[in-house]
Amino acid sequence: MWFLKFLFKKRFDSEFVEQLFLSLSVRISDLEIVWKKGGSVVVKSDASSAMIKKGKKVLFVQNSRGGWVDLLFAGEDRQALTEVIKQYKLGQEKPNFVPGIILAVIYLLLALSSLNVNEGTVEIIYRVSIATVVLGTALMVTGYSSNWSNNVRSLCATIWIMGMIIAVPTSLLLLPLVMASNRQQLTRLYH
């Protein structure tokens with residue numbers, strides 16, 4: 001699940017990914033790099049994305065505009081991965097919360113305007129989903145800024161997804177806020 005990974009923004013650069021891989025290989029054994037284009041494995045010169053894996057565990061993914069690092073599930077390799085990520089200054093950019101906050105306010109206004117609809121089963125389900133999405137979003141944003149366990153974060157993410165599925169498409173307006181909060185996780189490593 002992407003929202004349990006630490007997101008960063010960076011344009012794809014195969015040389016950068018290769019240097020990162022070499023630095024990680026010195027500290028973490030049995031790593032492999034997989035070059036991809038459109039989901040297919042390709043050679044480095046044709047790649048538009050890459051992933052660094054240890055066995056079946058994916059530690060790093062870089063696509064055309066950004067990527068993620070899996071620090072939560074890196075296990076014994078977490079410290080080495082964190083140090084190399086800091087060395088390469090990934091995720092140092094400050095996330096922009098303004099679009100997320102604006103869209104969240106729009107979502108809340110839309111949700112509040114829909115509460116005046118007649119009482120019926122569909123309306124009750126929609127109201128419950130609105131409450132679930134708002135609560136889930138609050139939990140996700142709080143979870144990113146706290147040191148909660150992976151299980152608690154997974155539970156919050158599950159609640160959030162269930163609410164979003166029922167309240168689609170308007171609930172997608174909350175996605176930028178959650179993504180900005182997620183990007184802040186890597187930024188916190190530098191402070």
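Student: What covers the buried residues of α1?

Tutor: The cover over the buried residues of α1 includes β2 (31-37), β4 (49-54), β5 (57-62) and α2 (78-87). Helices (H or I, at least four residues) and strands (E, at least two) are DSSP runs, numbered from the N terminus. This is a predicted model, in which local features need pLDDT of at least 70 and side-chain atom pairs count only at pLDDT 80 or more, while totals for chains, interfaces and linings use all residues. Residues are numbered from 1 along each chain as its sequence is written, and side-chain values use heavy atoms, with hydrogens and water left out.

Student: Which residues in α1 are buried?

Tutor: They are Ser14, Phe16, Val17, Leu20, Phe21, Ser23 and Leu24. Buried means under 20% relative accessible area, exposed over 50%, and partly exposed in between (1.4 Å probe, protein chains only).

Student: And what caps the N-terminal end of α1?

Tutor: Asp13 does, with a side-chain oxygen 3.2 Å from the backbone nitrogen of Glu15.

Student: Changing topic, how many salt bridges does a search of the whole structure find?

Tutor: The search finds 6. A salt bridge is a side-chain nitrogen of Lys or Arg within 4 Å of a carboxyl oxygen of Asp or Glu.

Student: Which residue forms a salt bridge with Glu15?

Tutor: Lys44 does, and the closest N and O atoms are 2.9 Å apart. This pair links distant parts of the chain, since Lys44 is in the loop between β3 (40-41) and β4, and Glu15 is in helix α1, 29 residues apart. Glu15, Glu18 and Lys44 are linked in a network of salt bridges.

Student: Which residue pairs with Arg27 in a salt bridge?

Tutor: Glu83 does, the closest N and O atoms being 2.4 Å apart. Glu83 lies in helix α2 and Arg27 in helix α1, so the pair ties together parts that are 56 residues apart in sequence.

Student: Let us move to helix α4. Is Thr137 buried or exposed?

Tutor: Thr137, which is found in helix α4, counts as buried because its relative accessibility is 5%. Leaving out residues up to four places away in sequence, Thr137 touches Trp160, Leu174, Leu177 and Val178; contact means heavy atoms within 4.5 Å.

Student: Why does Leu139 count as partly exposed?

Tutor: Leu139 counts as partly exposed because its relative accessibility is 25%. Leu139 also lies in helix α4 (residues 121-145). Apart from neighbours within four places in sequence, Leu139 is in contact with Trp148 and Cys156.

Note on methods: A polar contact is a pair of N or O atoms within 3.5 Å; within protein, one must be able to donate a hydrogen and the other to accept it, and residues adjacent in sequence count only if both atoms are side-chain atoms.
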